[in-house]
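Subject: Structure for your review

Dear colleague,

Please find below the structure that I am handing over to you. My notes on what was found follow directly after it.

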Amino acid sequence: MNTIPQTTSPEELKDWINAGTDVVVLDVRSAAEFESLHIKGSYNVPLPLLAEHTEELASKLDTKVVLVCQSGVRATEAKTNLASAGFSNAHVLAGGVPAYKQAGGRIVEGSKRWDLERQVRMAAGSLVIAGLAGGRFLSPQIRTVAGVIGAGLTFSAATNTCAMGKALSKMPWNRTANEPTRASVFAQLPSKKP
């Protein structure tokens, strides 16, 4: 089983799409992020939904799949999940949706929202500042907050995961009226070829 990220560049994905290559683009970001900006023709399958139904999803895929997110972290996790279910023709888009947009790929833009990674940076930075200020003016023990956030960021980098991002993705402002469900995702995916 190959769990090593197999990446593709935005230019290569553009070439595949323009040439009519049989490729399915799965966007594993939250529905809110997808609504703000996504690759034209891509399907939104948020990572928690993909993780919950990996085997069923893998059994419906029979073509090349490109997994996209904001930077590649969630797409790499999705690729690992699909590989564990026996699907090995998945590629991770290097640089995510922003890189595809920058490369001139066709995208669809909706209402503007902060992407999840920007929200994580804001939350972590605010907590560190609050911890340091609280430690200076209220109680030195409040500095522990800054240390905990620093340790969390180090763990996040070492394991290539993001617990804060997962928690923030469940916040109401990161939800939309059109949250994908198992049924809606499977109804929109292209059928397997006979």
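Among the contacts of the protein chain with a separation of 6 or more, 73% are between residues 24 or more positions apart. Please keep in mind that this is a predicted model. Several individual cases of such pairings are described further down.

Overall composition

The protein chain has 194 residues, and 41% of them count as buried. Its secondary structure consists of 10 helices and seven strands. Taken along the principal axes, the C-alpha atoms fill a box of roughly 70 × 35 × 30 Å. The accessible surface is about 10400 Å², and carbon and sulfur atoms contribute 58% of it.

Aromatic rings

How many aromatic pairs does a search of the whole structure find? The search returns zero. Charged side chains do, however, sit over aromatic rings in the following cases. Lysine 64 lies over the face of tryptophan 16, with a distance of 3.8 Å from the ring centre. Arginine 118 places its charged end over the ring of tryptophan 114, at 3.9 Å from the centre of that ring.

Threonine 8

Threonine 8 belongs to strand β1, which spans residues 7-8. Is this residue buried or exposed? Threonine 8 counts as buried, because its relative accessibility of 2% is under the 20% limit.

Alanine 31 and glutamate 179

Alanine 31 is part of helix α2, residues 31-36, whereas glutamate 179 is located in the loop between α9 (163-169) and α10 (182-188). In sequence they are 148 residues apart, yet their C-alpha atoms are 5.8 Å apart in space.

Glutamate 179, at 26%, falls between the limits of 20% and 50% and so counts as partly exposed.

Leaving aside neighbours within four places in sequence, alanine 31 is in contact with Asn44 and Pro46, as well as with Thr176, Asn178, Glu179 and Pro180. With residues up to four places away likewise not counted, glutamate 179 touches Ala31 and Asn174. A further distance concerns valine 45: it is 134 residues from glutamate 179 in sequence, and the C-alpha atoms of the pair are 9.6 Å apart.

Glycine 110

Where is glycine 110 found? Glycine 110 is in the loop between β7 (107-109) and α7 (116-137). Its relative accessible area is 32%, which means that glycine 110 is partly exposed, as the value lies between 20% and 50%. Apart from neighbours within four places in sequence, glycine 110 is in contact with Glu35 and Ser36. Histidine 38 is 72 residues away from glycine 110 in sequence, with a C-alpha to C-alpha distance of 8.7 Å.

Yours sincerely

How values were computed
Residues are numbered from 1 along each chain as its sequence is written. This is a predicted model: local features need pLDDT of at least 70, side-chain atom pairs count only at pLDDT 80 or more; totals for chains, interfaces and linings use all residues. Side-chain values use heavy atoms; hydrogens and water are left out. Helices (H or I, at least four residues) and strands (E, at least two) are DSSP runs, numbered from the N terminus. Buried means under 20% relative accessible area, exposed over 50%, partly exposed in between (1.4 Å probe, protein chains only). Contact means heavy atoms within 4.5 Å. Accessible areas come from the Shrake-Rupley method with a 1.4 Å probe; for residues, only the protein chains shown count as cover. Rings of Phe, Tyr and Trp (its six-membered ring) pair if their centres lie within 6.5 Å; planes under 30 degrees apart count as stacked, over 60 as edge-to-face and the rest as tilted. A charge sits over a ring if NZ of Lys or CZ of Arg is within 6 Å of the ring centre and within 35 degrees of the ring normal.
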